[in-house]
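Welcome! Please take a moment to look over the sequence and the 3D structure before reading on.

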Amino acid sequence: MTSIAQQLRAAGVTRVVGPQDPGYTEATAGFDTAVTIAPDLVVVADTVTDVASAVAVAADHGERLTVVGSGHGRLANVGGGIGIAMQRLESVEVDTGAGLARIGAGATWEPVLAATAPHGLAPLCGSAPGVGVVGYLLGGGLGPLARTYGFSTDRVRSIDIVTPADGPRTVTVDSDPDLFWALRGGKGGFGVVTAVTVELLPLTTVYGGGLYFDAADAIDVLTTFAHWSPALPESSTASIALLRLPARDALPEPIRGRIVVHLRFVSTDIPADAEHQLTTMRRAATPVLDTIGPLPYTKIGTVHGDPTGPMPVANGSKALAGLGEDTVRALLAVVGPATEAPLSSVEIRTLGGAVARPAAAPNAVGGRSSAHLLNVYAAPNPALGDADRLAAVRSALGSVVPWHAPTQLINFVGRGNDPDDVIGAWTPAENDRLDAVRSRSDPAGLLPFAGHGS
């Protein structure tokens, strides 16, 4: 790769590192330590020109390209070729008059929240603001206010991208409707995104938080949730999770080291109306901890409380066509408090509302018609190997086979899923259209997409 490194430097790229060079480990590190990213060379991009040069040189040599971002959601190890580390492209520009934010591909949602909040504006981010903006949006983006505002990628106005076929360009619904459709929900394989421009919401505060119930009440609480959550107004979004929590001092004492059922709730309604909606769940059982109340939008990540530090991730998901008492009982028989299932989180998100409606500018988001999403994690456990953790995830997903929906949500597909679940995030016709767009944007297949020949 010496000649390729020289060619990259001759093209003006100043930061090119190999496995033996300082900075390589930092450039290839990500959230999921179970997946190894080991390209032969890494371009640490400071500018869009660096990205364009890397894509052009890769095309000249027929080298595989790997985009390295925050490291969430990758499904397999990557070795060889040229990596492009995007972390330095982290600018956030807020246009308060237009209600827009232009966000560099290296940014997570946290700096976007910090930049927009002083203006009374907010991005439609996910439950974990430490996740990278671009990867989240390319897969659709299902956040804590999804039933109110839809998928986060529905709010994307334009995308700056470098494609092997055309180089740097800005894509909008008018400039290239097919590529714009594919980029918003099609996940990957089209080019290297360098920035996105998103609509902002006039939102500073929500009403939300969590109700934690004792494990003994799991069947009553989950069954009540199954009937209650689909009937919520679109102004409210809810999910529920069976959590096996560690005995860590950072956790509140009432839930520390316990198995609990955690209701997550976020509403844009006034407190009195939101509390009225919660009456049914409060009657299902007595919470051991209640954190629901007015919440600054900048603290939206506290509702789910997702892990933030790097860890080996073992997860998987299935979209569900329905959820009833029979579903709940089938699931709890495999993962419930009475079992030894080594699962840290078994979550059910209720969809519907704005999630189910097509975006104003059509996009490739899959799973819109699903009623719920089952999302399962097995936390690191010194007593268990990776294969055992993944087997536990697969058992949970397999327990609800009769209720599986036709298409999946690609951002939640993990290593515990079947390989076919990647292309199963779209219909056959949508997959054909996505492949056609990939072929035009990246005719040599420098950016292989999982499930499509990679």
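This is a predicted model: local features need pLDDT of at least 70, side-chain atom pairs count only at pLDDT 80 or more; totals for chains, interfaces and linings use all residues.

## A four-stranded sheet

Let's begin with an open sheet of 4 strands, arranged in the order β1-β3-β6-β4 with mixed pairing. At its edges sit β1 (16–17) and β4 (65–68), each of which pairs on one side only.

Follow β4 to its partner β6 (residues 82–85): the two are parallel and share 4 bridges. Within this pair, V68 is opposite A85 of β6.

## The helix across the sheet

Now find helix α3 (residues 48–61), which lies across β3 (41–44), β4 and β6. Its direction makes an angle of about 170 degrees with β6.

Leaving aside residues up to four places away in sequence, S53 touches L8, A11 and V13.

## An enclosed strand

Strand β11 (residues 192–199) has 7 of its 8 residues buried, so the rest of the structure largely encloses it. Strand β8 (residues 100–104) runs antiparallel to β11 and is joined to it by 5 bridges, with I103 opposite V196. Strand β9 (residues 156–163) is also antiparallel to β11, through 6 bridges, and here I161 has V193 as its bridge partner.

## A helix with covered residues

Which residues of helix α8 (residues 218–228) are buried? They are A218, V221, L222, T223, F225, A226 and W228. The elements covering these residues include the strands β12 (205–214), β13 (236–244), β14 (259–267) and β18 (345–350), along with the helices α9 (271–284) and α10 (325–335).

## Charged pairs

Side chains of opposite charge can pair when their charged atoms come close. Across the whole structure, a search finds 22 salt bridges. One of them joins E93 and R102, at 3.9 Å from N to O. E93 is partly exposed, with 43% relative accessibility, and R102 is partly exposed at 28%.

Another salt bridge connects R440 and D178, at 3.4 Å from N to O. This pair links distant parts of the chain: R440 belongs to helix α13 (residues 428–441) and D178 to helix α7 (residues 177–183), 262 residues apart. R440 counts as partly exposed at 47% relative accessibility, as does D178 at 29%. Finally, look for R15, D46 and R88, which are linked in a network of salt bridges.

Key:
Residues are numbered from 1 along each chain as its sequence is written. Side-chain values use heavy atoms; hydrogens and water are left out. Two strands pair if DSSP finds at least two bridges between them. Contact means heavy atoms within 4.5 Å. Axes are lines fitted to C-alpha atoms, for helices over the stretch in contact, and angles run from 0 to 180 degrees between N-to-C directions. Buried means under 20% relative accessible area, exposed over 50%, partly exposed in between (1.4 Å probe, protein chains only). A salt bridge is a side-chain nitrogen of Lys or Arg within 4 Å of a carboxyl oxygen of Asp or Glu.
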